[in-house]
Amino acid sequence: MVEGFVYVSDDRPGPLTGARAGERVETPSWDPPWIALAHHLDAVIVPRWPGRLFRVRSVPPSSDEERIALARAAAGVKADASYTRVFAVDVLAELRPGILFGPNGDAVAEVLECARLLTEPVAYELAAARHPSADHAYSRAWQRWLSEQPNGAQYGSSDHSNVLATPGAGPVSSPIRCGFTVLWTRVVDSARQRAGSAAFTIDAEDDEDEEVLLDPWTTAASALLDAAMALGAPDLVDPADAAVLTAAWQAIARL
């Protein structure tokens, strides 16, 4: 048996949708999609926000047929992979999803909720209130964090004002784990829901016609990333930079 964690996005129903602690949950068949049980919190994938986080224990196969099917499901998964594919789990507990973003993850979750509820008027407020020095303060926090990572030197002293993650720099990809990437995705989702195609343009210089988020959404997203950095990784920012990074966040808090 393997104990670990499973995150379930609200917009992607699956076997654990509606699950409660103490229940046993099984996939409807032995065919994919399977339950991906992450061995530790840093290995949990958060494709969308919001969602629910469970601590679970795998259920051993009850027959030779199921054992063979489970081995087939595991085919191609590396021996040192940070997850296990399973057909059934016992739900041990439901956890606060904020813990996925580090010791101050609940504060990051609050910023994510703001991104989920973000409207165009509030996006304009965030964009207007973002401090002109926020890019530099955000970049400095990244540089401080990278200086503490075993492989952070490979990222050099370049500008990090637009960085969401640095895979390979250390055990996790950012000061708040996957938080920056999830936050950006959540703002993009809100922009699409509230403004539709008007929130985007197409990068004509990109061969794949990449979609580009427009203002006020893109600057609002930067303002929320600033806040997530200051609130989620306070040890990386001094009081002056904290004030810069939370200027827009504090402005909408007063609305």
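Student: Which strand do the buried residues of H1 pack against?

Tutor: They pack against strand S5 (83-86), with contact meaning heavy atoms within 4.5 Å. This is a predicted model: local features need pLDDT of at least 70, side-chain atom pairs count only at pLDDT 80 or more, and totals for chains, interfaces and linings use all residues. Residues are numbered from 1 along each chain as its sequence is written, and side-chain values use heavy atoms, leaving out hydrogens and water.

Student: Which residues of H1 are buried?

Tutor: An α-helix has 3.6 residues a turn, so residues three or four places apart point the same way. In H1 (residues 64-74), Glu-66, Ala-69 and Ala-73 are buried (under 20% relative accessible area, 1.4 Å probe, protein chains only). They lie on the same side of H1 because they cover an arc of only 60 degrees around the axis, taken from the directions from the helix axis to the C-beta atoms.

Student: Which residues are exposed on the other side of H1?

Tutor: Asp-64, Ile-68, Ala-71 and Arg-72; exposed means over 50%. Just after H1, Gly-76 has a positive phi of about 90 degrees.

Student: How do I describe two packed helices?

Tutor: Use the angle between their axes and the distance between the axes. The axes of H4 (residues 134-147) and H6 (residues 217-232) cross at roughly 40 degrees and come within 10 Å.

Student: Which residues of H4 and H6 meet?

Tutor: Ala-134, Tyr-138, Ala-141 and Trp-142 of H4 meet Leu-225, Asp-226 and Met-229 of H6.

Methods
Helix = DSSP H or I, 4+ residues; strand = E, 2+ residues; numbered from the N terminus. Axes fitted to C-alpha atoms, helices over the stretch in contact; angles between N-to-C directions.
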